[in-house]
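Visitor: I would like to go through this chain term by term. Please set each value against its definition.

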Amino acid sequence: MNEHHLTNNAVLYAHSDVLLDTTSDSEKHDEAWQERESRNALKRVAGLGELQDVTEVEYRKLRLERVVLVGVWSSAKGTLAQAEESLRELAALAQTAGAVVCDGMLQQRYRPDAATYVGSGKARELAAIVAQHDADTIIVDDDLPPSQRRALEDATKVKVVDRTAVILDIFAQHATSREGKAQVELAQLQYMLPRLRGWGAALSRQAGGRAAGDAGIGSRGPGETKIEMDRRAIRNRISKLRHDIANMAPARDVKRGSRRRQDIPTVAVVGYTNAGKSSIINRLTGSQELVENALFATLDTAVRRSQTQDGRSYTLVDTVGFVRRLPTQLVEAFKSTLEEVGQADVILHVVDGSHPDPISQINAVNEVLANISGVEDIPQIMALNKSDMMSDAARERFSSLYPDAVIVSAFSGENLQILRNRLEELLPSPRVRVDVTLPYEFGGLLSKVRENGVVEKAEYVDSGVELIAWVGPSLAAKLMKVAL
C-alpha cells in the first residue's frame, strides 16, 4: 500500500467496486491492483480550513462546531476537480453556518454505499479522523436519506448532517423579515418531517388494557408514540405556516402593483450566492444595502430605485443567491422571491469572476431560472463582477465564451457606466404618445411624466402646460382625464 504524506484538510478517494470494461485478463488484474491501492491512498484538497473573511460576521460569535467534510464522486458525474470544488464550497457553507472545518474526505466510487454512504470500512476510517480532530459533526456533501444518516451516525458516534441541512441553517440565521422567517421555518419543517428518529413503542405516550381505563377490546396496544405526536405537530405547523405565507402575498402584490401602476420598470438582479449582487446594486443606486463577504447575506427581497440618464425611474430588486443543488424545500418556500424574477422587465445576472469555476455557477443559476415561468421571454444581461481580482487570461476566456457580457467591478467601479447604459437600453420604453394641455393645478402629474416618461415638448402657456410626451398606459389615462 502506498503511503502519502498527510497535511491539513485530507480528502480520501477510492475507486468503485463496480467496473464495466472489456479489457484483457492481465489488464483487469492491473486495474484491480491499482484500484486496491487507490482505496487506501489519501489526497489533500487545500484551502478547506483557510477560507478568509467569513469569520468576521456577527453570527460566528456563537459556539463553533468542529466538523469533518465527506463526499462521494464518480467519473460518470464529473471530474475530481469539480468534486474538490464542491467540497470547498461546502467548507465555505459550513464556516458561514458557524463551524470550524477540520478535515475533508472524498471517496471515488460508482455510487454511494446504500448503508453508510461511504462503506463500512471507510466509515471506520472516518470515525478515526473525527476522533483525531476531536470533531463533533460530520457534514456530507450530498442529500442523505434518513437511513444512511442514521447508519453513518451509528458507525462514527457523532452527529451527521447533509448539505441541505447546512444551507437551511444558514438561511435560518440570516432571515430577518416576518415573511423570510416563515419561509425558512417552512423549509426546515418539510426537511425534518421524514427524518424524525424514534424507537416505536418505547416512546409510547398511551397504554392499552387496564392502564387505558379498562376500555376493553379495541383499546389495547401501545397507543400513539411520541414520534407520531411529533409528526402530527409538525404537519399542523406546516399547514399554519403555509396559511400565514399565503396571507402575506396580498401585501407583496400591492407593492408590486403600485410599481406597475406608476409604469416603473423593474430589473431583477440574480446570481450565485456571494457573487456581489448587493454591491452592484449599491453602486448603481447609491444605496447602502447590507454587503458581506459571506454566503447568503441577502435573504429578504430588497427594492432600490435608480434613474436613467434622461430622468426616467426604474427599480432594481435584490434576490436571494442561488447555489448548486439548492434544496427543493427552499425553492418551494422562497416562491415570493422567484415571483419577482418572473415579473421583471429585465434580468441582470451577476457572476463572480474571481471564482475558479464561474461556468458551473452560471449553469446552476440558469437551472433555477428555468423553473420560473415567463423568464424565457425576459431580456437578460450578464455582468462578470470582481474584475479587479481576475487575471488577463480569465478575462479573455470569459469574453470569448460570453461576448455580450459586461466585465465590471463593484469595488473599483470599472465599466459600471457601461453596465448602466446597457441596462437602460433594455428597459421598456413608454409606448403611449400624449399631446395634451395640462392645467397648472396638476403640476404633480407633470413631475411624474418627467420621472417615468420621455418629454418631447413642455411649453408653458396661459391655460397650462402644452405637453407632448411618451408615457405608460396608466399615466396616459390620468393625463387624458384632467387635460383641457
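Guide: Let us start with Asn-385, which sits in strand β11 (residues 380-385). Helices (H or I, at least four residues) and strands (E, at least two) are DSSP runs, numbered from the N terminus. This is a predicted model: local features need pLDDT of at least 70, side-chain atom pairs count only at pLDDT 80 or more, and totals for chains, interfaces and linings use all residues. Residues are numbered from 1 along each chain as its sequence is written, and side-chain values use heavy atoms, with hydrogens and water left out.

Visitor: Why is Asn-385 called buried?

Guide: Buried means under 20% relative accessible area, exposed over 50%, partly exposed in between (1.4 Å probe, protein chains only). Asn-385 has a relative accessible area of 3%, so Asn-385 is buried.

Visitor: What touches Asn-385?

Guide: Contact means heavy atoms within 4.5 Å. Not counting residues up to four places away in sequence, Asn-385 touches a list including Ala-275, Ile-280, Asp-352 and Ser-409. His-349 is 36 residues from Asn-385 in sequence and 9.9 Å away in space, C-alpha to C-alpha.

Visitor: Ile-280 belongs to the contact of α8 with α13. What makes α8 roughly perpendicular to α13?

Guide: Axes are lines fitted to C-alpha atoms, for helices over the stretch in contact, and angles run from 0 to 180 degrees between N-to-C directions. Helix α8 (residues 277-285) and helix α13 (residues 416-426) pack at about 85°, with axes 11 Å apart. Angles under 35 degrees count as roughly parallel, over 145 as roughly antiparallel, 65 to 115 as roughly perpendicular and the rest as oblique. The angle of about 85° therefore makes α8 roughly perpendicular to α13.

Visitor: Which residues make that contact?

Guide: Ile-280, Arg-283 and Leu-284 come from α8; Leu-416, Leu-419, Arg-420 and Leu-423 come from α13. By class, that gives five nonpolar, no polar and two charged residues. Ala, Val, Leu, Ile, Met, Phe, Trp, Tyr, Cys and Pro count as nonpolar, Asp, Glu, Lys and Arg as charged, and the others, Gly among them, as polar.

Visitor: How do you know that the buried residues of α4 line one face?

Guide: The buried residues of α4 (residues 146-156) are Gln-148, Arg-149, Leu-152, Glu-153 and Thr-156. Seen down the axis of α4, they fall within an arc of 135°, so they line one face of the helix. The arc is that of the directions from the helix axis to the C-beta atoms. An α-helix has 3.6 residues a turn, so residues three or four places apart point the same way. Their cover includes α3 (120-133), β5 (137-140) and β6 (159-162).

Visitor: Why is β9 called mostly covered?

Guide: Six of the six residues of β9 (residues 313-318) are buried. Ser-313, Thr-315 and Val-317 lie on one side, with Tyr-314, Leu-316 and Asp-318 on the other. Both faces are covered.

Visitor: What makes β7 and β9 a pair?

Guide: Two strands pair if DSSP finds at least two bridges between them. Strand β7 (residues 266-271) and β9 have four bridges, in the parallel sense. Ala-268 stands opposite Val-317 in β9.
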